[in-house]
Amino acid sequence: MPCKLLNLCEYETHKLVRIQSVRLGSLKWTFNGVILMFICIMMLWNKEYQEHDYVVSSVTAKVKGVALTSLPDVGDIVWDVVDYSGPSQGKNSFFVVTNVIVTKKQRQGKCPEVPPYGKVCRTDEDCVKGFWDQHSHGVQTGACVKFDVTRKTCEVSAWCPIESKKKPPKPALLASAENFTVLIKNNIRFPNFNFMRRNILPEMTESYLKRCQFNRHTDSSCPIFRLGDIVKEAKENFLEMAVEGGVIGIQIKWDCNLDGFLRNCLPKYSFRRLDEKESNRTLYPGLNFRFARYQTEKGVEERTLFKAFGIRFDVMVFGKAGKFSIIQLIIFIGSTLSYYTLTTVFIDWLIGTSCYSKEARQNYSEKKVESVQDRKQCILCVSFVDENHIRVVKKSHKKSLQQVKPISVHPCKDDTEHLSAMVGVLQKGNNIIDKPPQVLPRPNRPAWCLCGCCLPSTHPQEQLCCRQSIGRCITTSSLFEQLVLSRPLLEAVLLYREPLSDLTEGEQRIAALRNCSYRQYINWRIGAPPRESIPVMPSCSVWRIREEYPSQEGEYTTIISAGCDTSLPLESLPLLVFYSVTITQKMGGCSSQSWHHCFFEYETERMIVVKSKVVGSVFRLIQFLILFYVIGYVCVVQKSYQETDSVVSSVTTKVKGTGFTNTSDLGARVWDVADYNIPPQVEWWKKYPVGESSFFVLTNMIVTPNQTQSTCPELPNQSTICMSDSDCLEGSNDVRGNGIQTGLCMNYSETVKTCEVLSWCPLEIDINLPEHALLVAAEDFTVLIKNSVTYPKFNFHKRNILPDVNSSYLKQCEFNRKTDPDCPIFRLKDMVSEAEEDFQTMAIRGGVLGIMIDWNCDLDWPEHYCGPKYSFRRLDNKIPENNVAPGYNFRFAKYYKTPDGRETRTLIKAYGIRFDVIVFGTAGKFNMVPTIVNVGAALTFLSLVNAVCNWFLLTCTKRRDYYSKHKFTYLDNIDDNAGEPVSYL
């Protein structure tokens with residue numbers, strides 16, 4: 001309907017077809033009840049009426065316990081928390097040493113390599129000078145030397161003696177660590193609700209915390225855990241796990257309901273082993289790392305190497321909170337209301353099946369569907385005397401109407417009212433059944449005529465006979481004479497319609513009788529024609545009437561029918577007969593009927609079918625686009641039928657490789673993993689590669705040896721250059737300086753004076769960075785990344801070391817994007833190249849490289865389809881002009897004691913590459929609730945098709961007024977008394 005200002009005060013509503021049927025009414029309410037119950041269950045079970053927010057968490061851990069061990073060549077050692085618990089470099093983890101291999105008094109020198117990594121040799125020719133690989137302990141010198149009584153191996157430059165023990169002691173040296181306890185403090189927050197809570201609940205007093213210990217059955221809220229109990233809850237044996245170490249996940253789940261009296265927000269603890277414990281499935285079972293403690297002996301640097309085995313505990317906090325939201329409730333209800341249309345769709349389909357008779361289906365279809373023809377089509381209806389149904393056909397420009405195949409067939413409806421009226425008119429003594437009139441066959445009978453009484457015509461739509469097979473013509477019937485041609489009957493019909501009409505003889509009276517005769521035939525043989533169809537009389541009947549009531553001039557009136565471009569006889573249009581049939585239609589809702597009538601009724605919207613190719617094409621096109629969007633994008637791409645969960649991850653890394661440098665400050669030196677793999681957040685001697693999912697590899701350095709606590713001139717700059725002591729302020733501390741000013745002005749060089757400072761002297765001069773990286777061999781180092789992921793909502797766990805991988809494969813594999821994309825061992829240079837950077841350039845000043853592990857899993861498929869995808873990207877800004885401190889560096893120091901008891905140190909400004917392992921991903925799995933919500937939203941979206949097509953039909957088409965006439969029914973001034981029939985007594 002065109003949009004006009006006056007239309008704003010109009011109300012539009014759908015037409016309804018109401019069927020009073022106990023079966024259909026019961027079925028309707030049953031379906032609606034089932035849909036309502038299902039929607040309510042889904043809403044309450046999954047709390048779809050709530051807004052949700054995910055937890056933000058902070059964790060701290062404090063370990064307590066003391067253990068006594070006896071180490072070979074070392075003696076009895078008491079281990080306290082400083083010894084066995086490495087610093088918690090990660091936000092949510094802590095490490096406890098349970099076993100150790102100690103190699104004492106290592107010095108830089110030459111010694112035979114240790115099998116199996118050392119090559120067994122016979123002569124010097126079997127050894128290659130300068131050779132090393134990722135498994136060796138040093139660089140070969142080219143000499144073949146005696147290893148033991150029976151074997152010789154290639155000599156290497158390394159820290160000697162080389163660590164010889166490969167297997168850790170059994171039982172574990174710190175097996176008593178199972179009795180250690182850890183206090184876990186977990187603060188959580190749900191930002192959207194401004195809700196905060198701790199796992200140490202408000203009712204927990206200090207006295208309670210001093211004596212409580214977590215127990216699944218008796219005290220499940222206590223935040224103090226015994227390590228042995230944690231491992232046991234993870235279904236592992238602590239004494240066995242302590243030998244080689246491993247990784248245990250402490251999972252804290254916060255699922256909180258923040259609605260009023262239903263409020264509930266308590267932590268739930270669970271435990272699981274995260275690493276692979278089977279030695280044949282991984283290259284380095286358990287968890288271990290090396291660190292060293294350095295000292296000097298008679299001016300020579302020594303170190304004690306520790307290979308520490310232990311258990312790392314990763315605290316994983318996840319969960320969400322929900323709170324009632326009217327917006328979410330409206331969205332859910334709005335998304336599911338469209339499911340009620342399924343009741344109508346199903347019952348309409350049921351009525352159209354063989355469950356109902358053909359007559360019932362036909363009747364329902366006529367009431368339900370109203371056809372509106374396109375302006376280019378002309379739909380005709382015809383009736384043959386030798387068939388008991390009416391044919392609906394399309395007008396053809398080529399075929400005669402007699403030969404056109406029907407597009408539909410409708411049963412003939414017995415017009416008993418019409419027959420009664422005719423009998424009433426003729427009951428004065430006229431016999432209805434009389435001798436049949438004699439009608440002679442016409443000459444030049446056309447080929448399409450089967451009764452022998454038709455006349456030729458050049459118009460295909462006028463080439464119609466009264467029969468489909470050869471036989472007697474309808475004009476020879478006595479009823480044709482009495483009902484169609486009888487002058488007294490026709491005059492009575494005309495007077496019934498116009499009581500005061502003048503029926504005097506003349507051309508006007510003959511024309512009126514002829515037109516009335518046409519109408520009589522149509523009502524007799526066709527009755528009320530199917531909607532939007534034009535009844536057509538057979539040629540024999542038309543010319544028989546015209547012979548009875550001829551036009552003096554031989555011309556007969558025709559019209560151009562709406563929707564047709566050809567002439568049809570005026571009298572072939574359906575008009576009112578002389579009698580009136582009153583049809584009473586009950587209107588109103590349940591208020592005008594008893595409740596059981598209302599309950600046992602089925603209502604369905606009445607449909608208007610527009611048979612227009614243009615509108616139909618627009619309708620199907622929009623339907624296709626919406627379905628393509630819903631199926632192609634929403635379902636296939638976005639997988640909106642799935643419930644999703646974010647990954648919870650744990651990462652451990654193990655770097656392998658050996659490098660050699662020769663500098664003026666350090667001399668010839670071999671660097672192993674204990675030297676160059678430095679977590680920059682901790683002291684030099686505490687190199688625990690745990691916690692954060694990152695590791696650092698040293699590639700370049702500036703060394704300042706033999707520093708002591710003393711005084712020396714400050715480095716020259718604008719604020720430190722002086723002329724006399726008065727230019728220096730005693731006690732002044734410049735944040736960019738190197739110490740505390742003493743108030744004296746000292747000679748820095750022959751030409752420059754600077755203020756003296758109390759500091760570690762001599763001061764570091766860090767402006768002369770080597771142009772080429774010192775540890776160039778680091779590009780060939782390799783790293784094994786172990787990644788364990790969990791999707792808590794689905795209780796799904798997996799590792800990046802896939803199930804079909806074994807230790808023999810891991811010994812020889814190396815990640816390659818094309819040939820070996822699943823190998824978890826990476827060459828450092830390859831990772832930097834994948835990030836489109838040059839390793840040697842990046843190694844000079846250092847940088848930060850991201851190792852992205854993508855776990856996007858569709859859990860509707862088998863588990864082996866869920867695997868990691870690796871990618872690499874540089875994370876820091878490498879443009880010096882745009883960067884305050886380009887690259888990546890930090891300082892650390894090695895501390896020594898001189899024979900006279902003074903403390904000295906060697907300061908190293910380390911440049912290198914930090915590798916951050918970033919794990920992310922989402923898992924999806926089919927769930928009924930998101931499926932219902934998204935399908936419901938899609939069904940609602942489909943209603944836009946009708947809205948767009950209605951606008952197009954009533955606005956953009958030429959016949960919008962014609963369509964509007966069929967689309968709308970206008971009722972004026974509806975009130976309580978409108979439409980009530982008036983009775984006269």
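# Briefing: strands, helices and salt bridges in a predicted model

Residues are numbered from 1 along each chain as its sequence is written, and side-chain values use heavy atoms, with hydrogens and water left out.

Helices (H or I, at least four residues) and strands (E, at least two) are DSSP runs, numbered from the N terminus. Two strands pair if DSSP finds at least two bridges between them.

**Strand β10 and its partners**

- β10 and β12 (residues 224-226) run antiparallel and are joined by three bridges.
- Ser58 stands opposite Asn187 of β10.
- β10 and β11 form a hairpin with four residues between them. In the turn, Asn194 has a positive phi of about 50°.
- In a regular strand the side chains alternate between the two faces of the sheet.

**Other strand pairings**

- β27 (residues 648-656) is mostly covered, with eight of its nine residues buried. Buried means under 20% relative accessible area, exposed means over 50%, and partly exposed lies in between (1.4 Å probe, protein chains only).
- β27 pairs with β33 (residues 782-791) in the antiparallel sense over nine bridges. Thr653 has Ile785 in β33 as its bridge partner.
- Three strands form an open sheet in the order β26-β41-β37, with mixed pairing. Its edge strands, β26 (642-646) and β37 (857-858), each pair on one side only.
- β37 and β41 (residues 922-926) pair in the parallel sense over two bridges. Cys857 stands opposite Ala923 in β41.

**Helix α1**

- α1 (residues 22-45) has 24 residues. From first C-alpha to last it reaches 34 Å, close to the 34 Å expected at 1.5 Å a residue. The expected span is 1.5 Å times one less than the number of residues.
- Buried residues in α1 include Leu24, Asn32, Ile35 and Met43. Lys28 is also buried.
- Just after α1, Lys47 takes a positive phi of about 55°.

**Nonpolar patch and annotated segment**

- Leu627, Tyr629, Ile631, Tyr633, Val636, Val637, Phe941, Leu944 and Val948 make a nonpolar surface patch of about 800 Å². Patches are made of residues with over 30% relative accessible area and no salt bridge; like charges are joined within 9 Å, and nonpolar side chains (Val, Leu, Ile, Met, Phe, Trp, Tyr) within 5 Å. Accessible areas come from the Shrake-Rupley method with a 1.4 Å probe, and for residues only the protein chains shown count as cover.
- α15 (613-637) and α20 (928-955) each supply at least two residues of the patch. α15 gives the most, with six.
- Val637 is found in α15. This residue is exposed, with a relative accessible area of 52%.
- An unreviewed UniProt entry annotates residues 932-954 as "transmembrane region". Such annotations may be inferred rather than shown by experiment, and their positions are given in the numbering used here, with feature names shortened.
- Over residues 932-954 the chain is 100% helix and 0% strand. The end C-alpha atoms of that segment are 34 Å apart.

**Salt bridges**

- The structure holds 28 salt bridges. A salt bridge is a side-chain nitrogen of Lys or Arg within 4 Å of a carboxyl oxygen of Asp or Glu.
- Glu206 forms a salt bridge with Lys210, with the closest N and O atoms 3.6 Å apart. The two are four residues apart in α3 (residues 206-211), so about one helical turn separates them. Both Glu206 and Lys210 are exposed.
- Asp314 and Arg312 meet in a salt bridge at 2.8 Å, N to O. Asp314 is buried at 7% relative accessibility, and Arg312 is buried at 2%.
- Asp229 and Arg226 meet at 2.9 Å, N to O. Asp229 is partly exposed, at 26% relative accessibility.
- Glu764, Asp766, Arg891 and Lys909 are linked in a network of salt bridges.

**A loop glycine**

- Gly260 lies in the loop between β13 (246-257) and β14 (267-273). Gly260 counts as exposed because its relative accessibility is 58%.

How values were computed: Predicted model: local features only at pLDDT ≥ 70, side-chain atom pairs only at ≥ 80, totals over all residues.
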